[in-house]
There are 4 protein chains.
Amino acid sequence: MLNVGIINITGYAGSEIARLVYSHPELNLVSATGRSKAGQYLDKVFPHLEKINIKIEEELSDNVDFVFSALPHAASAEKLSQYVDSGIPSIDISADFRLKDLETYEDWYDIKHPRPELIPQATYGLPELHRNEIKNSKLVANPGCFPTGGILSMAPAVQNDLVEELIIVDSKTGISGAGRTAKEAFGFSELNDNCAAYGTKGHRHQPEMAQELNFLGKNKVKVLFTPHLVSMTRGILGTNYGSLKKDLDEKEVLELYKEFYKNEPFIKIVSAPPATKHTWGSNFVYLYPYIRKDTNTLVVISALDNLVKGSAGAAIQNMNLMQGFEETMGLGALPVYP
Amino acid sequence: MLNVGIINITGYAGSEIARLVYSHPELNLVSATGRSKAGQYLDKVFPHLEKINIKIEEELSDNVDFVFSALPHAASAEKLSQYVDSGIPSIDISADFRLKDLETYEDWYDIKHPRPELIPQATYGLPELHRNEIKNSKLVANPGCFPTGGILSMAPAVQNDLVEELIIVDSKTGISGAGRTAKEAFGFSELNDNCAAYGTKGHRHQPEMAQELNFLGKNKVKVLFTPHLVSMTRGILGTNYGSLKKDLDEKEVLELYKEFYKNEPFIKIVSAPPATKHTWGSNFVYLYPYIRKDTNTLVVISALDNLVKGSAGAAIQNMNLMQGFEETMGLGALPVYP
Amino acid sequence: MLNVGIINITGYAGSEIARLVYSHPELNLVSATGRSKAGQYLDKVFPHLEKINIKIEEELSDNVDFVFSALPHAASAEKLSQYVDSGIPSIDISADFRLKDLETYEDWYDIKHPRPELIPQATYGLPELHRNEIKNSKLVANPGCFPTGGILSMAPAVQNDLVEELIIVDSKTGISGAGRTAKEAFGFSELNDNCAAYGTKGHRHQPEMAQELNFLGKNKVKVLFTPHLVSMTRGILGTNYGSLKKDLDEKEVLELYKEFYKNEPFIKIVSAPPATKHTWGSNFVYLYPYIRKDTNTLVVISALDNLVKGSAGAAIQNMNLMQGFEETMGLGALPVYP
Amino acid sequence: MLNVGIINITGYAGSEIARLVYSHPELNLVSATGRSKAGQYLDKVFPHLEKINIKIEEELSDNVDFVFSALPHAASAEKLSQYVDSGIPSIDISADFRLKDLETYEDWYDIKHPRPELIPQATYGLPELHRNEIKNSKLVANPGCFPTGGILSMAPAVQNDLVEELIIVDSKTGISGAGRTAKEAFGFSELNDNCAAYGTKGHRHQPEMAQELNFLGKNKVKVLFTPHLVSMTRGILGTNYGSLKKDLDEKEVLELYKEFYKNEPFIKIVSAPPATKHTWGSNFVYLYPYIRKDTNTLVVISALDNLVKGSAGAAIQNMNLMQGFEETMGLGALPVYP
């Protein structure tokens with residue numbers, strides 16, 4: 001059994017990692033921190049985790065052999081670096097090690113990176129694109145929830161040079177993506193029965209998508225990303241658009257996507273619009289690529305659970321790869337529907 | 001036109017008063033305060049109120065002829081008292097002037113009343129029970145949202161001595177009743193798709209219901225009140241139980257309720273279970289009284305919009321009475337459904 | 001007072017027209033039909049309309065001077081034509097008279113048009129584009145809910161030749177747009193906490209948007225429209241994309257939109273992302289145009305209530321114009337929020 | 001591995017059994033029926049069950065060693081009886097074998113029982129009360145969702161003779177309890193943001209609660225049951241009231257409940273109001289018993305997932321007992337929150 005620790009278990013990413021760790025046959029959650037809630041038992045904060053009988057601490061205990069950090073950016077790099085320095089394998093849920101270009105990071109996050117020298121050794125944790133690097137990495141940067149859908153949607157198209165430079169990613173996210181911190185704008189009465197865009201001046205997940213898609217293709221792409229808050233707890237639906245460079249029919253594009261992801265345990269290529277709720281609580285991603293002949297456009301719709309494949313589930317999948325476990329271990333439960 | 005002011009327009013009660021004032025042909029909203037948002041234009045805080053072109057202030061301006069206070073308890077009495085002292089007619093949305101017995105107030109609210117000598121001149125603002133006193137009052141205590149449903153449900157039964165001493169009020173409220181202040185427990189992800197009781201040690205609306213029902217009957221009643229948060233924005237459904245003292249059939253009880261409320265413009269006695277959504281945005285209350293013969297119990301189900309008849313709409317209705325306007329003025333819009 | 005009739009009052013468009021007719025000072029609802037519910041009193045079907053004391057009939061009564069038809073397409077043209085033939089002014093909520101090109105209609109709706117010879121005398125009921133024609137028309141085709149947002153969003157850009165040929169309209173609609181008819185796919189448990197695209201093979205509102213935008217510009221545009229169901233009852237948020245033909249900054253585009261809509265009573269140009277809930281129950285449309293310099297794209301976000309400006313409210317606005325009433329009459333109530 | 005079959009997999013109870021069967025290490029789903037959907041692959045109906053690669057059939061195949069029936073009442077007894085006659089162990093999710101008294105069944109369900117002679121050999125499947133009988137039974141009647149909460153809430157009180165004759169069970173259920181069949185009243189727009197009571201003339205789960213509670217106590221109790229639909233997908237919150245016969249304080253009642261359920265793997269006795277969402281997808285029941293001294297009443301609040309402990313999870317738990325598996329097998333996943 002591997003002893004794992006979770007830094008900042010008191011947010012939704014941290015608590016979801018704890019839920020999945022509990023179901024994993026090779027993991028043992030031995031320690032967890034949570035800023036304002038240190039000293040409390042976990043089940044006071046999250047009654048659904050009552051079976052995990054631990055007290056939230058100020059610092060992780062010494063017997064931890066694997067660390068997940070669910071702190072916000074900057075704070076995460078700072079805290080995690082001590083484990084990285086000690087050679088303890090780690091996964092960072094924050095954005096600190098996702099962007100390879102320091103300047104891009106510092107521009108978009110408007111902050112000095114606390115440990116820029118660690119960036120080169122970090123691996124972007126999307127197994128569908130970087131499986132082998134993840135297996136050999138000690139520091140994995142878990143992808144953002146929106147980029148997971150956006151990159152997986154367009155990767156086959158970009159690698160096969162199917163689309164023009166401009167890619168539009170129009171995403172609809174459940175509110176849990178906004179985190180657990182109390183804010184007036186995230187109150188139930190504000191968001192229930194409501195829908196709005198945000199981040200219209202530029203959202204930090206945009207450079208992350210651009211980076212990964214540009215690793216793949218010969219020709220540069222630009223991403224225009226518009227996130228929207230919709231009135232649900234979990235799930236991200238992404239509608240991804242790219243103008244086709246050449247004629248292609250729907251069957252061809254479906255086959256091409258199926259081929260690209262043929263060995264992927266969590267990717268399902270479907271031929272009808274997927275719904276986020278069919279992924280609830282699971283690590284699956286649905287991708288529905290289709291062609292609109294009248295405007296010669298490729299549209300790819302993606303559906304996933306932002307807290308699982310968009311966060312905690314991806315972290316477990318990455319940890320499995322890093323530790324040499326079966327990649328799907330602990331991630332076998334079906335979605336809970338309805 | 002009457003110049004009105006709203007103290008603390010930045011909560012849901014205050015903003016709902018503003019919405020209704022705008023539609024009222026005799027009212028002009030000339031001034032409004034809002035603690036942390038003073039200096040901002042109203043439409044920055046509430047875009048739906050953009051037609052009301054005012055700036056939120058620290059203090060109400062001098063040209064106000066009628067005051068609504070939507071401050072929390074204690075703060076409300078303190079601030080309102082200056083208007084009461086100046087003879088300006090006022091409605092207090094808070095609980096400060098609802099309870100006639102000072103000790104009961106200070107016990108349940110765990111606070112010293114800032115202006116106890118004003119309590120005797122305040123009228124409990126439920127027109128269905130106190131219409132004439134309201135007409136002659138300068139200070140009206142707007143009822144709590146739960147008591148409005150509970151009292152209206154059981155008043156005919158208590159006055160006619162139909163039920164035993166114990167009255168159970170089991171209420172299900174939309175989340176807007178919790179106010180607009182940011183709290184972790186009221187975040188969308190916490191409350192969406194969720195249901196829980198609260199205030200199980202005793203909720204402050206209980207003595208208010210007991211007070212009003214005991215004014216009516218010859219025999220004392222006791223109220224057991226259990227509020228629940230349900231996953232909706234507006235609406236309170238109350239399920240009110242009383243053991244019958246004597247045999248009564250459903251027709252008789254329906255007739256008795258219809259008779260009791262025969263001149264009431266906002267009370268509808270119905271013979272099937274009402275739904276909160278049928279009151280959305282309106283001042284109506286549905287009451288469905290029925291008998292369960294097998295246990296000899298009277299059950300009365302009430303449905304209302306907690307922000308209208310449970311708060312701002314009642315305030316407008318009371319103001320109409322105090323000012324000698326038509327009682328229903330400004331309250332004629334139908335519920336918005338679905 | 002004008003005597004109005006509503007054909008098919010038992011759907012959400014029909015009942016919403018009834019709600020607005022009730023608040024209109026010059027209208028009197030004298031007759032209404034509803035297929036399976038003929039013979040029932042209106043309040044049995046819609047308790048919130050209890051104040052409108054009418055019985056649902058098989059056919060409209062003879063004293064009707066103005067007709068709203070909320071029947072589905074084809075059925076609507078067939079039924080309405082008798083009133084059109086008699087010279088009674090009418091508004092068709094269905095799609096039957098929206099498309100000027102018969103072939104386009106018959107292709108997209110896969111049906112023979114029952115009265116094609118009436119198409120030329122029908123006016124597309126978007127007052128912001130066709131105010132004068134509407135004033136002089138006896139038959140108005142009320143726009144579709146999605147086209148209302150899409151056309152209003154892009155009309156200033158197309159007329160000023162700002163954007164390239166391809167316009168992407170990515171819309172998120174509340175479920176009431178799907179109507180009231182019982183279907184497994186529209187059950188609460190299926191759609192709550194869920195999000196999905198539909199109509200991905202081509203939605204019938206696409207040619208409607210293309211038609212109206214192409215009336216405006218010198219250069220032809222093509223519309224790619226993707227509708228999505230989100231977990232809310234009312235509201236449509238549209239995210240509309242067009243590649244800019246020339247450099248333009250945000251201020252210029254805001255000014256240009258403000259100028260275009262400067263006399264419009266229901267259009268609000270805003271400089272921050274609007275939310276659908278701020279239009280709940282009202283006839284307002286929010287438009288937020290902005291530029292993404294990094295991809296040289298114009299994005300316009302629109303928010304409206306699909307049952308009001310997207311349907312019944314637009315019908316009242318059109319009727320006001322046709323009858324010579326004040327355009328905003330009966331549409332003055334503020335949105336109900338939260 | 002045990003080969004199991006599910007009759008009527010196409011409703012929410014049937015599909016939830018399938019989800020749990022998939023996670024159970026000793027079960028193999030080999031056959032499933034579903035009335036109107038026979039011939040379709042399961043993942044066309046329920047995409048979240050795509051991993052279970054079976055075709056829906058008209059009749060169960062012959063290799064089934066254990067049967068779950070999720071048909072409606074009457075149809076269920078009729079279909080199941082052939083398996084019972086063949087000695088195949090079976091669990092009936094419907095109400096057909098819950099009531100021991102034939103007349104009570106035929107009165108409340110207004111139907112002739114198709115196989116009344118089987119009633120005596122059926123066991124009421126609440127392991128907390130009937131564990132040993134279930135172990136030795138070949139036909140188990142899975143409890144209703146509401147009775148599960150109501151009986152578990154009041155069993156310790158009734159057995160210890162703490163409360164007077166009248167027990168009030170006020171329950172709030174998520175909409176999935178209404179099933180998957182398309183009905184106008186269960187459309188999203190009708191139920192979203194809404195709350196209403198139903199079954200006010202008497203709901204069929206009432207005699208079930210009365211039966212089980214009266215097996216326990218020396219003194220007869222009567223149950224007054226009021227179910228309510230609230231705007232969520234899963235979960236039942238029950239608020240259960242009984243007047244105390246003697247003085248008792250909160251600590252005593254908590255201890256008494258903890259003692260009663262001390263060996264129960266799925267019952268959690270808590271000392272603060274539980275929330276339904278903390279049980280989402282899991283077999284746990286939270287019980288919060290407390291005393292209201294001012295009215296001398298015992299209140300017990302219960303929270304559970306209506307589709308798990310209220311239906312499919314209880315069925316798996318019962319099957320485990322009948323087959324001699326570990327009682328908690330396949331039910332170990334934590335609730336999914338938020």
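This is a predicted model: local features need pLDDT of at least 70, side-chain atom pairs count only at pLDDT 80 or more; totals for chains, interfaces and linings use all residues.
**Figure 1. Helix α10 of chain B, residues 308-323.** Helices are DSSP runs of H or I of at least four residues, and strands are runs of E of at least two, both numbered from the N terminus. The end C-alpha atoms of α10(B) are only 19 Å apart, whereas a straight helix of 16 residues would span 22 Å at 1.5 Å a residue, the expected span being 1.5 Å times one less than the number of residues. A kink of about 45° is centred on B:Ala314; the bend is the angle between axes fitted to the seven residues ending at a residue and the seven starting there.

**Figure 2. The contact between chains A and C.** Here 38 residues of chain A meet 38 residues of chain C (C-beta atoms, placed from the backbone, within 7 Å). On the side of chain A that touches chain C, β9(A) gives the most, with five residues.

**Figure 3. The contact between chains B and C.** Each of chain B and chain C contributes 23 residues. Helix α1 (residues 12-23) of chain B supplies the largest share of chain B's side, four residues.

Residues are numbered from 1 along each chain as its sequence is written, and chains are lettered from A and ligands numbered from 1 in the order in which they are written. Local features need pLDDT of at least 70, side-chain atom pairs count only at pLDDT 80 or more, and totals for chains, interfaces and linings use all residues; pLDDT is the predictor's confidence in each residue, from 0 to 100.

How values were computed. Two residues are in contact if their C-beta atoms, placed from the backbone, lie within 7 Å.
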